[in-house]
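Okay, thanks for coming, everyone. I'd like to walk you through one model today, so please have a look at the screen.

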Amino acid sequence: MTSTFPNISISTERLVLRPFDEDDVPALVEMMNDEQVGAWTAVPQPYGEKGARRWIEEYAPTERVAGRGLDLAVTEFLTQRLVGVIQLAKTNWHVRSTELSYIIAPWARGEGYASEAALATAQWLFTDQKFERIELRTAADNTASQQVAQKIGCISEGVLRGACIARARAEDGTWTDVRTDYIVWSLLPEDLEGADEQLTESDGFTSYADWN
């Protein structure tokens, strides 16, 4: 079995998940400087063009080839607009497990894109890559991220107390670290049964069957 991720694209009814390229830099910078991204992720703030280029040109390709992770741009099928990021990290090829996270741009929230992209990635991992476990970690107060985990069929396994560093904006505009808990979720192949139907009812899309 392989121990590295292929350079792939994944298609859904409304989205294309693909490798990042240079044209994504402006939208990526704008997305990563969003208030919610700053609060709930470890993305450096402020996030500049230099950091975006380094991630696209150096970090993401290195992680993929080394088998440690995979970074995919989430784009709208019709407009090609960048609407989010799917990231796989902490991959264990012996256990066939990886950790999944997602970011949705402020201009694309409320459309169900996080659930659609995360489910498509999970299906690809379980079907094509023969993975057996996907793990998600959500900050205790990040209810939007928790709703995504629930929608795609994840099971809550417990709480890692004090394991997460979130951030809050201080009065002077700087960011302050805030320690909180992580909720740990898992997704196994059998958990995906019925996930398509649930997402169809809640978000209005139907198919995840077309893989590139």
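Predicted model: local features only at pLDDT ≥ 70, side-chain atom pairs only at ≥ 80, totals over all residues.

Let's start with the largest pocket, which holds about 1500 Å³ of space. Its lining takes in 49 residues, and the ones nearest the centre are Trp-40, Thr-41, Ser-101, Tyr-102 and Ile-103. So what kinds of residues make up that lining? We get 27 nonpolar, 13 polar and nine charged. Strand β5, residues 97-104, gives the largest share of the lining, with six residues.

Next up, helix α3, which runs over residues 49-66. Its 18 residues should span 26 Å at 1.5 Å a residue, and the end C-alpha atoms are 25 Å apart, so the two agree. That said, α3 does bend, by about 40 degrees, and the bend is at Trp-55. Trp-55 is also one of the buried residues of α3, along with Ala-52, Ile-56, Ala-60 and Glu-63. And what do those buried residues pack against? That would be α1 (25-32), β3 (70-76) and β4 (82-92).

Is Glu-99 buried or exposed? Its relative accessibility is 17%, so Glu-99 counts as buried, the cut-off being under 20%. Leaving aside residues up to four places away in sequence, Glu-99 touches Gln-87, Leu-88, Ala-89, Lys-90, Glu-135 and Arg-137.

Key
Residues numbered from 1 in each chain as written. Heavy atoms only, no water. 1 Å grid on protein atoms, 1.4 Å probe; cavity = no way out; pocket = protein on both sides within 12 Å on 5 of 7 lines; lining within 4 Å. Points joined across faces, edges and corners; volume = space filled by probe spheres on them. Helix = DSSP H or I, 4+ residues; strand = E, 2+ residues; numbered from the N terminus. Nonpolar A, V, L, I, M, F, W, Y, C, P; charged D, E, K, R; others polar. Expected span 1.5 Å × (residues − 1). Bend = angle between axes of the 7 residues up to and from the residue. Buried < 20%, exposed > 50% of the residue type's maximum accessible area, 1.4 Å probe, protein only. Contact = heavy atoms within 4.5 Å.
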